[in-house]
Amino acid sequence: MEQKNYKKILTLITFIIPIVSSKTSEKECFSVKLGYKCCKSCNAVQSDYDGVWGVEDNHWCGLRDSCLKNTNCFSEPFYPCCEKNTVVFTDKQGKWGIENGSWCGIGKSIKSKNNESNATQNQSNKKNENEKDNHNKEIPNEGKNEQDSKDKNISEENNNNNKDRNITKEKQNDKDKNATKEKEDNKDRNITKEKQDDKNKNTNKEKQNDKEKENTKDKQSTNNKIKTSLPKIDMKAWQYNKEDDIYWQVGIFYCENPIDPNYESLGIFIPGQYINAIKNENATTYSCQFNLSSKIGSYTINNAPIVIPITTQGYMSSPSPQDYIKEAKRFTDKGIIYVNTGFRGRYEGAPYGVTDLKAAIRYIRYNKDLIPGSTTENIFTFGFGSGGSQSIILGASGNSPLYNKYLKAIGAIEDESDAIQGSMSWCPDATLDTANEAYEWNMGIARSGVGITDFTKKLSNDLANSYADYINAIQFKNQNGQVLTLIPSNKGNYQSGSYYDYILEEIEISLNEFLSKTEFPYIQLPTTLYLNNGEQYGMDPLDDDETTHGGPITIGDPIVYKTPEIYINSLNTGVHWVTYDSQMKKANVTNLEGFVLRFKRPMKKVGAFDDLEATKEENVLFGYGKDRDIGAHFDPIMAKLLKGTKYSEAFSKDLNRKDDFGTSVEDRIAMYNPLYFLDDYYSGYKTSKVAKYWRIQSGITQTENPLTTEYNLKLALENYGERKIDFHSNWNLGHVKSESSGNSSDNFIQWIKECLESQ
């Protein structure tokens, strides 16, 4: 190989490399002044501007100076010394070789070069130790012997390919080692800032560093103890779609003990430009290596993102892919890796759907050396409706311990991260702990007519009042730091206060964005929907492909509005709720009731998500997976309001049940509530790794969910801090893959590109 093809870097290391032990004094250790003990051994885990860190007894410790002095070559303690003097790459640190698929150092650094023969002798004396070190770097888990025997079945060509790919990744990152270190430090500081926000803004730099180390210790050391008997991806089993230029595999199990093999496997679809392939003899499959020089747009095999669609209706299970998936081409054409995974759903009960998705993400990371995308950090999930909800849950609950016993039961890979980089959702379903209450506060003001009895009207009012109690307790803040509250009103239930005003402002923003982008005369076209098994995908030109959907249908007739004033006047039919300043070209929304009567009348019964008879999709989701069509109640607020009624006993019985793992309904709800991880009102706050990038697109006129669903999520993410949020509540669109312009797939792909370019 030519030297120009080899690339490398010394960056923050997540492997533990046994070196030697030291018993010298604490004075040799930089970490003491930062409040951390000196390490007893010389096991390097990470370096930063303070020094080199290890982990002992699950606590950070600093490596002593002697650990760095008593080395046989410049690359220790992060990389072992080479046994041979075969140089494949030279940089400002020294000469590098590759042995057993891992980097190793040759001799002392260039700046203090010693005789290479002496260095070689020192390296030879450490042969056994280096072999162990190299193995730990490649597969840093407790079951390394099992994995080693599996890795021997991978061809030499694939090993060389993976080495080349690692080299490429390393040189790309090595453009500025110090910048890389600063970037990683800044990420840690962001985590620290979140944990200390509103607690002690005057904390000094050393205390901040202390928090950084504690916050990241579990997540940064996960790869040191990966446990699994799962095989890695077979690099000799790829199939090829010549028309779309995609290499693909399906039927890859992501857990050791799948409860349902029809749902717990995945498929991977890779752009052909990323691959050098040789067709296997007497077979239709290919042996694949990575094409180091390939580039699609701004992506290479080093930085290509991975996307995972969450395609489900009403939290239903999604079958594992069994064949080639045409939709993958939309993403692979742009250089994106497409992973389609099956998962269980509502009939099995929560939290099994999200559990399976987390297991699939862990498996992808386990194969980081075999999937383009380098470290597989850039994983993005996307979904619509309940699929969007689960995308949001994945974004909020990364590495949450709540799921561990469920993951362990199916044999998911242990001690590997299931956090994602970004979450995309269209019209996500409501956060279920207060969904019934929010629906009545937002939409119950328009309840009237058939089906409304004194009992249901009182229950609706009581639920709306309970939502006000929740809002006043959770204390969301707007961007000015003002606590948002609800206060009693002369008309309606708590239709006043700063939270109420915030909702009006968001409606106003949506309307004015629409007016600013609309050319008058404006022709309001009929609603266009694209259906797939009853799921609405509308307003997406790419979704009119009848091979994937049933073709478009339209609802209503076109209407022509000559001017903005005429359009605004049409909105005020019945109740006057919006004005328009022709000179400023700006609309002003004055009350919520008028908007609801015009656009958002309730279409669900009182108890919109926890039905009085426990027949809703969400009731089945929080059932117990044995009686497939029989749901269970899950709302303790409704249970309290229904005491003394004929429904009381059923609510009480269901709320006191536990699933097969001994988990309460309250905890199962928490596992499907993103706010549980995002807001300090809940005990799950800051117990997970939250995605950095969020894109939420909702149709403002949808009647499936209250406005509070997306607005509360936006507030929680803003209050959490240090998150990049692309949020739009799109005017005149309902429960569809709503976009103000363009189509959902192209906009999603462009958003990913912008996210990664901003890093």
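This is a predicted model: local features need pLDDT of at least 70, side-chain atom pairs count only at pLDDT 80 or more; totals for chains, interfaces and linings use all residues.
Local features were taken at pLDDT of at least 70 and side-chain atom pairs at pLDDT 80 or more, whereas totals for chains, interfaces and linings use all residues. Residues are numbered from 1 along each chain as its sequence is written, and side-chain values rest on heavy atoms, with hydrogens and water left out.

Helix 14 (residues 498-517) packs against helix 15 (residues 564-571) at an angle of about 150°, the two axes lying 12 Å apart; helices are DSSP runs of H or I with at least four residues, numbered from the N terminus, and axes are lines fitted to C-alpha atoms over the stretch in contact, with angles from 0 to 180 degrees between N-to-C directions. The two helices, helix 14 and helix 15, are therefore roughly antiparallel, a term for angles over 145 degrees. On the helix 14 side L511, F514 and L515 meet Y567, I568 and L571 of helix 15, and by class this contact comprises six nonpolar, no polar and no charged residues.

Beyond its neighbours within four places in sequence, W731 is in contact (heavy atoms within 4.5 Å) with residues including L511, F514, Y567 and L571.

Helix 10 (residues 386-396) is mostly covered, with eleven of its eleven residues buried, that is, under 20% relative accessible area with a 1.4 Å probe and protein chains only.

How values were computed. Angles under 35 degrees count as roughly parallel, over 145 as roughly antiparallel, 65 to 115 as roughly perpendicular and the rest as oblique. Ala, Val, Leu, Ile, Met, Phe, Trp, Tyr, Cys and Pro count as nonpolar, Asp, Glu, Lys and Arg as charged, and the others, Gly among them, as polar. Buried means under 20% relative accessible area, exposed over 50%, partly exposed in between (1.4 Å probe, protein chains only).
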